[in-house]
Every structure is written in C-alpha cells, then in structure tokens.
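Here is a friendly tour of one protein chain. Have a look at the sequence and the fold, and then we can walk through a few residues together.

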Amino acid sequence: RETMLDDVHRGWLEKEGGGVFGRSWQSRYFVLSSTSLTYFEDEAARDSKGEIDVASITRIEPSAPLDKPYCFSLHTTHKGGKTYHLAAADVHQKEQWLHALAAARRGGFDRRGCRLFLVVVIGDERRERSFFVVFFFLFFLRIGIG
C-alpha cells in the first residue's frame, strides 16, 4: 500500500464488530486522512476492510459504555446511524486518536497533520498563516473535543 499524502494519523486500534457468534474485537490498522478513516487487516494490506467518511461523524464520544479499556465511539450517519466502537492500547494513544479525529472532522489539519491553518482574506488577497500543534492543542482545550 502506498503512503497517502494527506494522512493525518495512523496506527493500530481494536474495532468492535459483529461476527457469526456475536460481537467481537478485532485489531485493525487505521489510517485517518482529512476525509476518511480507513481500516486494514494489517499495515501491509492493499485492500481496506472498511472506510468511514469523516463528514459522516456526528459525534465523538471519548468514553464508550463498554468493558474495554481506552474505548471511544464514533457516531455516524453511515448505514442509517451506525456507531463504531474503537479501543486504543493505552490512554496516550486514545488521546492522540481523539484529537486527530476531532481535527479531521473540523478540517483543521494541513496535509502533514502538523499545523493548523488560518486563512485570512483581505480584499481580493488570500493569505494562509500556519501555527504549530501547540496552538492547535490549546484551541481544543478551549472548545472541547466532541
């Protein structure tokens, strides 16, 4: 699989899915871009197992009501209102994913995922100013994640 230029965040998460014998958790490799959250069987897989349109995410719930540690939920309009339950390996990774998802949902990352762009339009002139992630993080402390 080729590296996508607009990746915002990538890494392993567990995803709750339905199986023949009921619900189960499967490890999946997730790639978040500015427009989609795509998941794969592993890092080398060329074909995705699924994709969630970032625009379809209506709410990010940081504490999912499940017995799994470091869980969070993505409520979407996908498939008539599907909720995706995901779990990170630790609290640090969970926070990274929550911030990255919130940023992608709001369209706040540039292509490298390391800067927040502020577009200023003065008359007919359009100017872009970029700020490092520290300012982005402070922004989320002020407005919240969900």
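In which strand is the place of H75? H75 sits in strand β6, which covers residues 71-76. Keep in mind as you read that this is a predicted model.

**Around H75**

- H75 has a relative accessibility of 15%, so H75 counts as buried, the cut-off for that label being under 20%.
- The H75 side chain has a polar partner: a contact of 2.7 Å joins the side chain of H75 to the side chain of E61.
- Leaving aside neighbours within four places in sequence, H75 is in contact with S56, I57, T58, R59, E61, K82 and T83.

**Around I57**

- I57 belongs to strand β5, made up of residues 57-61.
- With a relative accessibility of 5%, I57 counts as buried because that value is under the 20% cut-off.
- Not counting residues up to four places away in sequence, I57 touches I52, L74, H75, T76, L101 and R105.

**Aromatic rings**

- A pair of aromatic rings is described by how far apart the centres are and by the angle of the planes.
- How many aromatic pairs does the count come to? The count comes to three aromatic pairs.
- W12 and Y29 form an edge-to-face pair, with 5.5 Å from centre to centre and 65° between the planes.
- This pair links distant parts of the chain: W12 is in strand β1 (residues 7-19) and Y29 is in strand β2 (residues 22-33), 17 residues apart.
- Are W12 and Y29 buried or partly exposed? W12, at 35% relative accessibility, counts as partly exposed, whereas Y29, at 6%, counts as buried.
- The rings of F30 and Y39 have centres 5.3 Å apart and planes at 35°, so this pair is tilted.
- Both F30 and Y39 are buried.
- Ring pairs also bring in W97, linking F30, Y39 and W97 into a cluster.

Methods. Residues are numbered from 1 along each chain as its sequence is written. This is a predicted model: local features need pLDDT of at least 70, side-chain atom pairs count only at pLDDT 80 or more; totals for chains, interfaces and linings use all residues. Side-chain values use heavy atoms; hydrogens and water are left out. Helices (H or I, at least four residues) and strands (E, at least two) are DSSP runs, numbered from the N terminus. Buried means under 20% relative accessible area, exposed over 50%, partly exposed in between (1.4 Å probe, protein chains only). Contact means heavy atoms within 4.5 Å. Rings of Phe, Tyr and Trp (its six-membered ring) pair if their centres lie within 6.5 Å; planes under 30 degrees apart count as stacked, over 60 as edge-to-face and the rest as tilted. A polar contact is a pair of N or O atoms within 3.5 Å; within protein, one must be able to donate a hydrogen and the other to accept it, and residues adjacent in sequence count only if both atoms are side-chain atoms.
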